[in-house]
Amino acid sequence: MEVLSAAGIRYSEKETWENPIEKEADIVAVRQQVRDLAKEHRFDQFAVAALTTAASELSRNVWVHAGRGIARIRVLRNRNRVGLEIEFVDHGSGIADLNRALAGGFSTSKSLGLGLSGTKRLVDEFDIDTGLGRGTKVVIRKWKKEF
């Protein structure tokens, strides 16, 4: 069944996968599935690396900061364009200062603090919804370049 997203983009339930993020090994599983799908849909080498890095970083954020969550991966179709969308949802404590987190260089987990800001630069579309006590949802999209 084909579905129209809130952003007006079509995707098929057959091309949607939901992956739990509950242990460190799940980060690798999400990363691998994203890489495989990007290659299968013939994204260029840079896009494959960008999507893989973004998926790895955001999966790790879910695991480190919330302990558990979900990654939903969708193949998108917008007329003749193909894209990948990955949605990360957790029910952790949320991000207290989103502007500071997006600026880069700020971390609550003794890392470099470049995860969100770096991920935002790697993808075509980046949306985040968070708040103290209500968790975090990050949606990223990357569209295949046509040459």
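**Surface and overall fold**

The accessible surface of the chain comes to about 8,400 Å², and carbon and sulfur atoms account for 49% of that area; accessible areas come from the Shrake-Rupley method with a 1.4 Å probe, and for residues only the protein chains shown count as cover. This is a predicted model, in which local features need pLDDT of at least 70 and side-chain atom pairs count only at pLDDT 80 or more, while totals for chains, interfaces and linings use all residues. Residues are numbered from 1 along each chain as its sequence is written, and side-chain values use heavy atoms, with hydrogens and water left out.

- The chain holds four helices and six strands; helices (H or I, at least four residues) and strands (E, at least two) are DSSP runs, numbered from the N terminus.
- The order of elements from the N terminus is β-β-α-α-β-β-α-α-β-β.
- Of the 147 residues, 44% count as buried, that is, under 20% relative accessible area with a 1.4 Å probe, protein chains only.
- Contact means heavy atoms within 4.5 Å; among contacts between residues at least 6 apart in sequence, 60% join residues at least 24 apart.

**Helix α2**

- Helix α2 spans residues 45-66, and its 22 residues reach 31 Å from first to last C-alpha, close to the 32 Å expected at 1.5 Å a residue; the expected span is 1.5 Å times one less than the number of residues.
- Asp44 caps the N-terminal end of α2, with a side-chain oxygen 3.0 Å from the backbone nitrogen of Phe46.
- After α2 comes Gly67, with a positive phi near 85°.
- The buried residues of α2 include Ala47, Leu51, Ala55, Leu58 and Val62.
- Those buried residues pack against β2 (10-21), α1 (24-40), β3 (69-78), β4 (81-90), α4 (115-122) and β6 (136-143).

**Nonpolar core**

- The largest nonpolar core has 26 residues, of which Val30, Ile86, Phe88 and Ile140 touch the most other members.
- Two or more residues of this core come from each of α1, α2, β3, β4 and β6, and α2 gives the largest share, seven residues.
- A nonpolar core is a set of buried Ala, Val, Leu, Ile, Met, Phe, Trp, Tyr and Cys residues joined through side-chain atoms within 4.5 Å.
- Beyond its neighbours within four places in sequence, Phe88 is in contact with residues including Val30, Ala55, Leu58, Val62 and Ile140.

- Strand β5 (residues 125-130) runs antiparallel to β6, joined by six bridges; two strands pair if DSSP finds at least two bridges between them.
- Glu125 stands opposite Arg141 in β6.
- Five residues separate the two strands of this hairpin, and Gly133 in the turn has a positive phi of about 80°.

Note on methods. Buried means under 20% relative accessible area, exposed over 50%, partly exposed in between (1.4 Å probe, protein chains only). A polar contact is a pair of N or O atoms within 3.5 Å; within protein, one must be able to donate a hydrogen and the other to accept it, and residues adjacent in sequence count only if both atoms are side-chain atoms.
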